[in-house]
Amino acid sequence: MTTRSEAVETPCPYLGTGCDPRSAAWRLESLTDREREVLLLLGTGLGNRQLAQELGIADRTVKAHIANIVCKIGQETRTQAAIVSALAHDVLCDDPSCTRHQVAASGRLRGPAAA
């Protein structure tokens, strides 16, 4: 039995599949302000009902926004859109107090996650 350190390094899955969820980030410019807001919240893992409550809109409106977002950013599922949201948080979120933004100079996360 070989140990992990003895095993041949496997290539990055992004290279093997040709799929990189970050590639959808450049398509974010096509989203409306409301769609960007929905996408940012989608990345938190909230369900449609919670998203609707947070945004003060109907569940059906949330579903319509998510369908538009998925299409515009070239994804196939809500989950893929949520992954794009998490990966592109710095692009979507313009709150300067957000602890998820990376500090460019140090390359480290701010806030509790940095500890």
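Contact here means heavy atoms within 4.5 Å. The structure is a predicted model, in which local features need pLDDT of at least 70 and side-chain atom pairs count only at pLDDT 80 or more, while totals for chains, interfaces and linings use all residues. Residues are numbered from 1 along each chain as its sequence is written, and side-chain values use heavy atoms, with hydrogens and water left out.

Helix α3 spans residues 48-55; helices are DSSP runs (H or I, at least four residues) numbered from the N terminus. Asn-48, Leu-51, Ala-52 and Leu-55 of α3 are buried, that is, under 20% relative accessible area with a 1.4 Å probe and protein chains only. These residues lie on the same side of α3 because they cover an arc of only 100° around its axis, the arc being that of the directions from the helix axis to the C-beta atoms. An α-helix has 3.6 residues a turn, so residues three or four places apart point the same way. The buried residues of α3 pack against α2, α4 and α5. On the other side of α3, Arg-49, Gln-53 and Glu-54 are exposed (over 50%). Just after α3, Gly-56 takes a positive phi of about 70°.

Helix α4 (residues 59-72) packs with α3 at an angle of about 105°, the axes being 8 Å apart. The two helices are therefore roughly perpendicular (65 to 115 degrees). In this contact, Asn-48, Arg-49, Leu-51 and Ala-52 of α3 meet Asp-59, Val-62, Lys-63 and Ile-66 of α4.

In helix α2 (residues 33-42), the buried residues are Glu-35, Val-38, Leu-39, Leu-41 and Leu-42. An arc of only 165° around the axis puts them on the same side of α2.

Conventions. Axes fitted to C-alpha atoms, helices over the stretch in contact; angles between N-to-C directions. Parallel < 35°, antiparallel > 145°, perpendicular 65-115°, else oblique.
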